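User: Can you walk me through this structure? Keep it short, please.

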Amino acid sequence: MQVLSQQLISDEYARLLREDLRSGALVRFLVAYTTDQGLDTIGRTMLLNRLKHSESFGIASISCSCGYEALLNLQSELSDQRLKYFMDPDVGDTCEPFRIALLHSKVVYIADVAREKSIVYVGSHNWTARALG
């Protein structure tokens with residue numbers, strides 16, 4: 001196991017994720033906060049290419065902090081349904097209501113067939129430009 005960064009904001013996670021996506025065959029992810037800028041930082045085209053694999057999928061939970069537009073934009077570039085969303089029904093006028101119930105874990109799985117290995121990212125990392133450094 002490798003700890004990617006001791007700092008709150010670092011580009012190391014994004015850099016390693018891009019490298020692993022480049023050589024990976026498929027991707028599966030569970031990420032809470034996602035923005036278009038975050039997806040561009042990771043590598044939107046590479047992510048889309050991995051999501052086109054028949055065994056790839058993504059799951060995202062959505063709160064009012066980042067909205068759902070980035071994931072709908074990503075889904076619009078795929079020919080079939082690869083992304084699933086869990087939306088918080090309790091989001092009100094405030095940014096983070098007290099009763100908010102949000103699935104906030106982050107997990108990314110990449111199958112690297114060429115190198116005959118699997119890569120798993122776990123921890124608390126969002127796919128936003130701010131979080132990705």
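**Surface, fold and salt bridges**

Analyst: The chain exposes about 7700 Å², and carbon and sulfur atoms supply 53% of that area. Accessible areas come from the Shrake-Rupley method with a 1.4 Å probe; for residues, only the protein chains shown count as cover. This is a predicted model, where local features need pLDDT of at least 70, side-chain atom pairs count only at pLDDT 80 or more, and totals for chains, interfaces and linings use all residues. Residues are numbered from 1 along each chain as its sequence is written, and side-chain values use heavy atoms, with hydrogens and water left out.

User: How many helices and strands does the chain have?

Analyst: It has 4 helices and 5 strands. Helices (H or I, at least four residues) and strands (E, at least two) are DSSP runs, numbered from the N terminus. The order from the N terminus is α-β-α-α-β-α-β-β-β.

User: And what share of the residues counts as buried?

Analyst: Of the 133 residues, 42% do. Buried means under 20% relative accessible area, exposed means over 50%, and partly exposed is in between (1.4 Å probe, protein chains only).

User: Show me one. Is Ala32 buried or exposed?

Analyst: Ala32 is buried, at a relative accessible area of 4%. Its place is the loop between β1 (26-31) and α2 (36-42).

User: New topic. How many salt bridges are there?

Analyst: A search of the whole structure finds 8. A salt bridge is a side-chain nitrogen of Lys or Arg within 4 Å of a carboxyl oxygen of Asp or Glu. One of them joins Glu55 and Arg28 (3.6 Å, N to O). That pair links distant parts of the chain: Glu55 is in the loop between α3 and β2 (57-62), while Arg28 is in strand β1, 27 residues apart.

User: What does Arg44 pair with?

Analyst: Arg44 forms a salt bridge with Asp36 (2.9 Å, N to O). Arg44 lies in helix α3 (residues 44-51). It is buried, at 14%, whereas Asp36 is partly exposed, at 25%.

User: Which residues does Arg44 touch?

Analyst: Leaving out residues up to four places away in sequence, Arg44 touches Asp36, Leu39, Leu74 and Glu77. Contact means heavy atoms within 4.5 Å.

User: And what about Arg115?

Analyst: Arg115 forms a salt bridge with Asp112, with the closest N and O atoms 2.5 Å apart. Asp112 is buried, at 1%. Elsewhere, salt bridges that share partners join Asp36, Asp40, Arg44 and Glu77 into one network.
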